[in-house]
Structure formats: structure tokens, C-alpha cells
Amino acid sequence: MPLLKLSAKLDRTDGSTSWGFRMIGGTDFGTPLTLQTVTPGSLAARCGLQAGDTITRIGSTPADSLRHKEAQQRIIDAGNALELTLERGGDQQRDSSSYAAPSYGAPKQPSFSASKSFGGGYGASTRVITQPTDKSATQADVPWARSAGNQPSHPSAPSFKASPAATPFGGGGGGGAWRPQVPTGPRTMRVGKVGEARTLTAVAGARIPVCHQCQTAIRGPFVSALDKTWCPDHFVCANPSCRTALISCGFVEEEGQLFCERDYEQYFAPRCGNCGRSIIGEVVNAMKNTFHMNCFVCCKCHQPIGTGSFHNEDGSIYCPRDWATLFQTKCYGCQFPIEAGDRWVEALNENWHSECFNCSTCQVNLEGQSFFVKSGKPYCKRHASGGRY
């Protein structure tokens, strides 16, 4: 089928009105930005957009250099006037797994063009351009590219085959397979159990919920979970080959991304530096590594240290109590530890706090003074010579 280039201009008067399409792909996915679904009767549908159309430009910004979130932000920044350039048919319908990274050449000269505005007060319009192929396209090949006087009141959009689903994480599609960007610093996740997410309906007069993903106001049912709200269509697994609705299963959120538990564990979860298994839930970040709470234990007493303090002695982890017993110097006089920065005295083959090294009879401090030893105890000169022990 010939490659079609489409220029779509969508206008709305109410910012809460959805454009009516869902987008997948981006440079971080290794696949082109593609319309996954188009809601029937929406602005996008009225404009003639179809699932499988590839977005090549958002406004004046080329789409082949945009990450998925960046593309979403460009659409949000467009406000109530969105311009898209898209491609349909031709080589764009090949399996997305063949993309190492999306790229597009300079546009060719069109063989003809036509435009059509649809009613309904939305101001949405689309311009359809065919690209030259081995078989020259004619005006009869595109039913909606007729003169305005011959167009029916509700023309049918041309029917094309939708592009295949996006390649799964680490799929066998070659270098273009999308993998999630895993954080490199300390990890913090929020885990939702089955049944914790709830579907609610916006109440008139109450605060209007805003979708955490698309940042648009939600008029109708919405999902509430983890102290945030989502459009029902956006509360799905971030794996483009999964897209499981998370309302009925366990899920995990980290750095704004939602995953079902299965995909999070397989592709995104941190690995324990002790047992090597995936971590879902509480995680200990220590020594530039991550651990299960029950795997980060004292090597002496084998009790979990959790997120408390610990000591690293030649690569072995100790809880404060066992480290103090094994390695910390104690004062012979008071039996309390000699901490870093404390003044201390070494005498009688023992270690003392400076204030604890005193005469055993009168308690005068002997630091820096001459002293005498009787029965292993220190004495000042007066009490040592007086025989009063």
C-alpha cells in the first residue's frame, strides 16, 4: 500500500476534553511513536486518525528524537491546539521489532493533496498526502480525497492494516527491543497489593482528579491508588507488550512508572547483593548495593540490621552491639567505650578515659602525673607511701 503522510490539526475549547488517542513507543522504547488506540467519536477519530498511524512530528518538533515522556509533555504543552504529522501504510507497517532506533528521512514531494474539515464545532481537520510508490497513486485510490462538492456528509476513512504490537521487554526482535531504564542510584518503590487500587467516579462539586500520567482532568471514572489518581486507560503496566490493567492485580510504582508485579520482578526490580533475587517491597540501600531486609544481617549474630546503623570491618557487616564487643576499645575504669575524639590514657597494660585514670583512694586524676601501683591499681604518691590502700 502507498505511504500516506497526514497533517492533523486538532482544536478544542475545553482543556478537559481528551484528544482521544493512546500513544506508544519513543526512543527509550526503541520503536517509533505510534497511535495504539483511537477512541471512536473522539477528536482524533473525527480527524480521521487511526490505530497504527506513526507520529513523525508534534508541532514543529521531530518525533524521532523524543522519549515517550517527552512526547507526552509536547502534547500537553500544545494546550488546546495540537498539530501532528503522521505516516500511514508503506514501510511503516513493518514489525516494530526491526527498529534499532526510529529515524525518518526528508519528506518527498507529494503526488497530490486534499483536505477535509469535519463538523461538530471541534475545529479538527486533517490533510492526507500520498507518497510516490512503485505504483502511482491516483485520486481514486483515496476515497476521502475528492472535491468538496462530491464528498458525502460522513465520509468513511480509508481502511489500512494497523501496525503490530510493540516488542516486549528484551524480545527477540534484534537491537530495537525496548528495555526499561533502570535507576542506578538508591532504589525506592511503592507496592500495591491486589484490591488496593479502587475505581471511583468524580462527584459534582468535588475536587476534579488529575491523571498522574497524562496530567489531564478526569471527567468520569478514575483509579485511585498510592495516593494518586489515573485515567482507567493509563493505569496499566508500562511494558508495551503487556499493558495489563492493574486494577485487578498487584502492581509496583517506581520513579513514576507502573508495572504489574510479574514484569517489575523480571525487568525492573533491583537485585539483592546477598541472595541475587529480585527485591519487591522494602529495600536496604547500603555499600552501593541493594539488599532484602532479611538478607542484610550481622555476620556475628545473624540478626537483620534493616535500615539501622552498622559497621563494615574488612568487608564483613556487624551490628553496633557486636562490633563494639569485638572491636571497640573500652575504658578499664568505667567499662564504657572510648569513642573517637575522647582523651585516653594507656597505663598498666590497659586503656582508660583520661578522667577515669585516678588514684584508687582519693580519686585525684593521675593523667600526666607520677603514680604508683599496688595490687594492680594506680595510687598517687601520698597514698602509695602512706600505706593506706
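Trainee: Which residues form one aromatic cluster here?

Mentor: Y332, W352, F357 and F371 do. Bear in mind that this is a predicted model, where local features need pLDDT of at least 70, side-chain atom pairs count only at pLDDT 80 or more, and totals for chains, interfaces and linings use all residues. Residues are numbered from 1 along each chain as its sequence is written, and side-chain values use heavy atoms, with hydrogens and water left out.

Trainee: What counts as an aromatic pair?

Mentor: Rings of Phe, Tyr and Trp (its six-membered ring) with centres within 6.5 Å; planes under 30 degrees apart are stacked, over 60 edge-to-face, and the rest tilted.

Trainee: And how many aromatic pairs does that rule give?

Mentor: The count is 10 aromatic pairs. Take F296 and F310: their ring centres are 5.1 Å apart and the planes stand at 90°, so this pair is edge-to-face. Both residues lie in the loop between β16 (289-292) and β17 (311-313), so the pair ties together parts 14 residues apart in sequence. Strands here are DSSP runs of E, at least two residues, and helices are runs of H or I, at least four, numbered from the N terminus.

Trainee: Is F296 buried or exposed?

Mentor: F296 is buried, at a relative accessible area of 3%, while F310 is partly exposed at 28%. The cut-offs are under 20% for buried and over 50% for exposed, with partly exposed in between (1.4 Å probe, protein chains only).

Trainee: Back to the cluster, then. How are the rings of F357 and F371 arranged?

Mentor: Their centres are 5.1 Å apart with the planes at 90°, so that pair is edge-to-face. F357 and F371 lie in the loop between β20 (350-353) and β21 (372-374), so they link parts 14 residues apart in sequence. F357 counts as buried at 1% relative accessibility, and F371 as partly exposed at 29%.

Trainee: New topic: which residues touch the most other members of the largest nonpolar core?

Mentor: A225, W230, F235, L246, F251, Y264 and F296, out of 39 residues in that core. Elements giving it two or more residues include β11 (221-225) and α3 (261-268). A nonpolar core means buried Ala, Val, Leu, Ile, Met, Phe, Trp, Tyr and Cys joined through side-chain atoms within 4.5 Å.

Trainee: What order do the strands take in the open sheet of three?

Mentor: β10-β11-β12, with antiparallel pairing; strands pair if DSSP finds at least two bridges between them. β10 (198-201) and β12 (228-230) each have a single partner strand, so one side of each is left without a neighbour in the sheet. β10 and β11 pair over four bridges, and R198 has S224 in β11 as its bridge partner.
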